[in-house]
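The following paragraphs guide the reader through selected sites of a single model. Please keep the sequence and the structure in view while reading.

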Amino acid sequence: MKKPIPLFFLVAVTAWAVSATELSKNIRQVVEIHRLRPQTGSAGHRIPQIDCLSWRLGVETNNIRDWKLVPSDCENYVGHYMLGEQYRDDCEIVADAAIEYANGLTLSGDGTEIWVFDIDETTLSNIPYYARSDVAFGAVPYNDTKFDEWVSEGKAPAIPASLRLYNAVLSLGIKPVFLTGTKEAFREVRTANLKEAGYYNWEKLILKGVNDTGSAVEYKSGKRTELVNAGYKIVGNIGDQWSDLLGVDVGDRTFKLPDPMYYIG
Ligand SMILES: *[C@@H]1O[C@H](CO)[C@@H](O)[C@H](O)[C@H]1NC(C)=O
Ligand SMILES: *[C@@H]1O[C@H](CO)[C@@H](O)[C@H](O)[C@H]1NC(C)=O
């Protein structure tokens, strides 16, 4: 089953892009994307040595851990998954489940109920960066200088499903808290990027300070514990990494968004 990826990408990019300059940049990326011939459907295709759909299921379920790179045989597969409708559908179904859960909550309305949102690949999408040929959807080793340059541009679009959840949560009177591994130095650009993408209100935006050491699980657990100690009740927690959702004070319910491009332990 083949999917019209470049066309869908255009639609996706048009939906995500907010400015003309952004659009022209994304169209340049579409040209790069054409390198990826649609050799597999996004539902998977057996590639010699590795079944990429099995690999993706393995990473999404946290059965495969501490992986450093997308297997080179799966670069095309992951690229088509991320740019095709399957990724968007997979995000939408997570948002549906989260909104259904939130709507069913008995809320005190006392202002202490919060929902923790991770940022990268949760509220904001780095697809325009990951689709670059020098990044190759995570099949090329991570370069923090290069990634920081992209973050500094402040051009990451919203993930539409997460924006829908965010608005649902806000309308219920649950306060959003953003908790990210992004460094404190990026506070200003991240704030502007969140607003540009449609996230206007939050109770707190927690970034990683110079003294926040340890693993992602330790860092995020520590920050959540601080929230709980300050009197907040974490009713929901959503992230693309298992390190967003494991540890202590994870919240009454957690929701995992897909991310087959990178692993943060
Ligand atoms: C990482 O990216 C920077 C900026 O583009 C580049 O100067 C540097 O050579 C890259 N490092 C590696 C190891 O590729
Ligand atoms: C980090 O820790 C050092 C040493 O304890 C301290 O002097 C500094 O103020 C801390 N920085 C922040 C931003 O908390």
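Is Lys183 buried, partly exposed or exposed? Lys183 is partly exposed, because its relative accessible area is 44%, where buried means under 20%, exposed over 50% and partly exposed in between (1.4 Å probe, protein chains only). The model is predicted, so local features need pLDDT of at least 70 and side-chain atom pairs pLDDT 80 or more, while totals for chains, interfaces and linings use all residues. Residues are numbered from 1 along each chain as its sequence is written, chains are lettered from A and ligands numbered from 1 in the order in which they are written, and side-chain values use heavy atoms, without hydrogens and water.

Lys183 belongs to strand 4 (residues 175–183), strands being DSSP runs of E with at least two residues, numbered from the N terminus. In sequence, Lys183 and Lys208 are 25 residues apart, yet their C-alpha atoms are 4.6 Å apart in space. Leaving aside residues up to four places away in sequence, Lys183 touches Asp148, Leu207 and Lys208; contact means heavy atoms within 4.5 Å.

Arg224 is buried yet has no salt bridge, and the nearest side chain of opposite charge, Asp244, is 6.5 Å away. A salt bridge would require a side-chain nitrogen of Lys or Arg within 4 Å of a carboxyl oxygen of Asp or Glu; Lys and Arg count as positive, Asp and Glu as negative, and His and the chain ends are not counted. The side chain of Arg224 does reach the backbone oxygen of Asp244, at 3.1 Å.

Terms used. Polar contact = N/O pair within 3.5 Å; in protein donor to acceptor, adjacent residues only side chain to side chain. Helix = DSSP H or I, 4+ residues; strand = E, 2+ residues; numbered from the N terminus.
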